[in-house]
Amino acid sequence: MKNCSIKDLLLSTKTISKVTINGWVRTFRANRFIALNDGSSISSVQCVVDFENFDESILKKINTGTSLEITGDLVESQGSGQKFEIIVSNLKVLGECDSEEFPIQPKKHSFEFLRENAHLRTRTNTFSAIMRLRSSLSFAVHNYFNSNGFYYVHTPIITSSDAEGAGEQFRVTTLDPKSPPLNENSEVDFTKDFFGKETSLTVSGQLEAETYAMSLGKVYTFGPTFRAENSNTSRHLSEFWMIEPEVAFMDLNGNMDLAESFLKYLLKYIIQNNIEDLQFLEQRLINEDKTKPQNLRNEMTLIDKINFVINNDFMRVSYTEAFEILKNCKPNKKKKFKYLIENWGADLQSEHERYLVEKHFKCPVIIYDYPAKIKAFYMKLNEDNKTVKAMDILFPGIGEIVGGSQREERLDILNKKMNDIGVNPEDLWWYTDLRKFGTAQHSGFGLGFERLIMFATGMSNIRDVIPFPRTPQNAEF
Ligand code: 4AD
């Protein structure tokens, strides 16, 4: 068998003569045992070399990181720890690896160190497991929507609108920053820019997705989004991937049902398809917990936590109910929160979200009907004229993982909301057109893909679940 993946090889139920595999050396012990990994799964295959049959100069080239082509027989292993091993008959060094220089040694490295070596960190078991899970979850996203009648829309990456109205956009321009053309008011003349107007990288594909929902019915986008917020936290990236379904004729309750069913499907998918990687990451967390004081240890193992989310209803509470719980809770009364909850309308900070999810309800929580003032202009105003049909989903250990809403489909109210926050409806004429021509209630949400992967892998820093993280002051690789 030629060029067989190590994953397929280890799934074999019988011995095989003469197989050829490629991979990178994880370890080389006693001048005899090579653990070879090709990235196809968490498992390496043990390759046994009889050093008497090989030139010493070749064996000297085998270090952690060396790439090899190995041919040999797959036989039942003599040792414990693996069912099969390969007795090597032919060995070709494809690429040498200087053991002095290679940053990835067969020992524990800190995540900070591995971030500085992001181009090589997937040579470790932890990062290869995370990135296989990431790939699997992407596939599951498309699978879910495809089998539920949704169409995939590629919304633009360069845009002239600020979907969230938060002004956190990266400018896209070809103007010379040193001497941009100026208009008669001495302001930069963007009519001379590449697109003839100010443009930036998108913060969300939602507005364009809405146009497609209002013709194709059920759609979703799944792409990179960019936010120039200066939040150097373990949950924020400047470039992250978002999944945004948008559905015509659906109300807020339908939106919450869709989000809950979607999240459960994704998590079930990896339990069914990626259990080895999950078990590896679970063990990593168990080992890490042993070094922590009892009160900081995880209450549930990774797989139990995932199963808990799959098997339990999410708690649904209105903002007003959540506000009352927070106002009257111990940490608020004892002034333990950094931001005290006093007046209705206050935005919820991550300390409040974590209290609700981890201490009060102890399960995923959906908060809906938020004060209009703290939410984006496109959300549908409730009859109380104070709250909007928004919903956020909060997950244990992560905080907000989903943000969504029923959209304002009434033209007059939408125009007023836009004017109130300083968005000129004329700049978004195509968006308001949807409300003129066959308007209908519709809803959607955005799932932060990396936040989902954090939950699924138990990683505590968002920089460790995306191949090459972009954060303030950091765009290496
Ligand atoms: O709540 P957000 O800002 O919602 C929107 O962008 C809507 N347009 C979505 C929609 O209704 N179609 O963002 C949605 C999710 C958040 O809940 C969070 O999981 C993630 O995107 N997110 C981030 N993830 C990583 N880094 C950041 N800087 C993020 N900002 C938001």
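This is a predicted model: local features need pLDDT of at least 70, side-chain atom pairs count only at pLDDT 80 or more; totals for chains, interfaces and linings use all residues.

Is Val317 buried or exposed? Its relative accessibility is 6%, and the cut-off for buried is under 20%, so Val317 counts as buried. What does Val317 touch, if we skip the neighbours within four places in sequence? The contacts are Ala322, Phe361, Val365, Ile366, Ile367 and Tyr368. Take Tyr368 from that list: between Val317 and Tyr368 there are 51 residues of sequence separation, yet the C-alpha atoms are 6.4 Å apart.

That kind of pairing brings me to the whole protein. If you take contacts between residues at least 6 apart in sequence, 68% of them join residues at least 24 apart. We have 477 residues here, and buried ones make up 49% of them. For the secondary structure, I get 14 helices and 16 strands. The C-alpha atoms fill a box of roughly 85 × 55 × 45 Å along the principal axes.

Now the outside. The accessible surface comes to about 23900 Å², with 49% belonging to carbon and sulfur atoms. One place to look is a nonpolar surface patch formed by Ile157, Ile158, Phe194 and Phe195, which together have about 390 Å² of accessible area. Phe195 is in the loop between strand S8 (171-172) and strand S9 (199-201). Its relative accessible area is 43%, so Phe195 falls in the partly exposed class, between the 20% and 50% cut-offs.

How many residues surround the ligand? There are 24, and the closest are Glu164, Gln206, Arg227, Glu244 and Glu400. Gln206 has a polar side-chain atom 2.7 Å from a ligand nitrogen. Tyr378 also puts a polar side-chain atom by a nitrogen of the ligand, at 3.5 Å. With Gly403 it's a backbone N or O atom, 3.4 Å from a ligand oxygen. On its own the ligand has 630 Å² of accessible area, and the protein covers 93% of that.

Which elements give two or more residues to the shell? Those are strand S11 (239-248), strand S15 (399-406) and strand S16 (442-448). S15 gives the most, with five residues. That's me done, so over to you.

Methods:
Residues are numbered from 1 along each chain as its sequence is written. Side-chain values use heavy atoms; hydrogens and water are left out. Buried means under 20% relative accessible area, exposed over 50%, partly exposed in between (1.4 Å probe, protein chains only). Contact means heavy atoms within 4.5 Å. Patches are made of residues with over 30% relative accessible area and no salt bridge: like charges are joined within 9 Å, nonpolar side chains (Val, Leu, Ile, Met, Phe, Trp, Tyr) within 5 Å. Accessible areas come from the Shrake-Rupley method with a 1.4 Å probe; for residues, only the protein chains shown count as cover. A salt bridge is a side-chain nitrogen of Lys or Arg within 4 Å of a carboxyl oxygen of Asp or Glu. Helices (H or I, at least four residues) and strands (E, at least two) are DSSP runs, numbered from the N terminus. A residue is near a molecule or strand if one of its heavy atoms lies within 4 Å of it. A polar contact is a pair of N or O atoms within 3.5 Å; within protein, one must be able to donate a hydrogen and the other to accept it, and residues adjacent in sequence count only if both atoms are side-chain atoms.
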